[in-house]
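Please look over the sequence and the structure below before reading on.

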Amino acid sequence: PVYNAYANMEVANGNLDFARRIYKQGIHAQCNDPASVYHGLGKLELSSGNVDLARAILQEGLKQVATQARFMDASRHERARFIFHTLGMLELNSGRTVEALEVFQSGVEAHSNSSQLLLGCALCEAKLGSETKARHWFERAVRVDRRHAQAWQAWGVMEFRAGRIGAATKLFEAGIKSNPRHGALWHTFAVTEGRRKNVEGARVLFQAGVIKCPSYTRLFQGWAQLELREGNLDKAKALATRALTLDKYQGVGWLVAARIENGFGDEDLAQLMLRRGIECCPNDAILYRELGEMLVMKGRIDDAREVMEVGLDVNPAYAPLYHSLAELEARICNLEALSKLNKRAAEIFNNNALDSRKSKSRVLGDRIRKEREPPGQRKARVLEERIGHQVDRRKTASSFDSAGELEDRIIQDFFEEE
């Protein structure tokens, strides 16, 4: 743990190479708590976009843990579960759902009372379409830890998508009762009510959510989107402004603000909002798509193409941007460009399952590398900032402290897949 804490401090200060040396010293010292050094080094490589290397390090860490398991005290044994969790989430986020399930199930065999590992099993089964099995794991997760908000949230999302609205509502309510200060749970519950046209119910939930979780930006963004759809532009603008005041580094905040200005009829200001959003969030592909489509509507085809192509460089796995760019090229009958775009898309969205997993893992690594920010802006962005929410590394004592936040992004993606 000392190696872990020391190296993690260096990560927080942006000294990644020095942090690597510290972790490797811990490995070479053959510490009797291997989970601490292997987990830390694995997450460091993950934060650098080295997904395959991170996978290999975490897998080796599990081997080392297994060889020393009988000599471990309770605290060392407990830390080993974090390797299972991080490796499982890595596989799940890489599109390797079967492999992720194997990791989580192995983890549960060793740590049967880990709500996070049980949730991992549930998420995998839900992704694989095995709802009955997923319910089994969800039930076990919330039985172990009633305050595990992400478990209630993901279970509710699965039931909602399956059309079991009553069951989903009861799960969201139970989750909020157990953990009323988890913003993502309030947000998901409110959004589901909005999707089934219960506008007043959604408003009540958003309002209650921002009272309990006043710093959770997505609540203000979601509420602004609701008011925008209902035509309440002034209210929507006030909420969107509040969201950007809280955090200007979330692309969806600028997207909502731009759509509100477009609703007011000020297209120039809407474009300006999107360009400002790209300055603050240069790696958010949705902003490039929105700006590109606005430029197409203005007849500025070349400018739109340039913007969309930059967006694809930023996130080559963002499928909607391929559709938008293909529509642009089809509009002007640019068959050569369409052929090149189709070839590029085929390399990413391969029909071969094995090649597809490798490609997605590579894309994940490339995207993480592009998301790296210079010191002083947001130091040492790590994978959980893609599949969870932002973690202030200056307040994080070890690589274990943020593990409970890993699920949020996965659940958000699961909810928004359709």
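Predicted model: local features only at pLDDT ≥ 70, side-chain atom pairs only at ≥ 80, totals over all residues.

Residues are numbered from 1 along each chain as its sequence is written, and side-chain values use heavy atoms, with hydrogens and water left out.

The predictor's confidence in each residue is given as pLDDT, from 0 to 100. The chain averages 87, and 82% of the residues score at least 70. Over residues 373-396 pLDDT stays under 50, and the model has 64 contacts there beyond four places in sequence; contact means heavy atoms within 4.5 Å. Residues 351-356 also stay under 50, with two such contacts.

The secondary structure consists of 23 helices and zero strands; helices (H or I, at least four residues) and strands (E, at least two) are DSSP runs, numbered from the N terminus. Of the 418 residues, 55% count as buried, that is, under 20% relative accessible area, with exposed meaning over 50% and partly exposed in between (1.4 Å probe, protein chains only).

Helix α6 (residues 97-110) has 14 residues. Among its buried residues are Phe-104, Gly-107 and Val-108. These three residues are also in contact with Leu-117, as are Arg-81, Phe-84, His-85 and His-111, leaving aside neighbours of Leu-117 within four places in sequence. Leu-117 belongs to helix α7 (residues 115-127) and is buried, with a relative accessible area of 0%. Its C-alpha lies 8.0 Å from that of Arg-81, 36 residues away in sequence.

The structure holds five aromatic pairs. Rings of Phe, Tyr and Trp (its six-membered ring) pair if their centres lie within 6.5 Å; planes under 30 degrees apart count as stacked, over 60 as edge-to-face and the rest as tilted. The pair of Trp-152 and Trp-155 is stacked, because the ring centres are 6.5 Å apart and the planes are at 15 degrees. Both residues lie in helix α9 (residues 149-161), three residues apart, about one turn of the helix. Trp-152 is buried at 5% relative accessibility, and Trp-155 is buried at 13%. With Phe-172 and Phe-189, the centres are 5.2 Å apart and the planes at 35 degrees, so this pair is tilted. The pair links distant parts of the chain, with Phe-172 in helix α10 (residues 165-178) and Phe-189 in helix α11 (residues 183-195).

Notes: Expected span 1.5 Å × (residues − 1).
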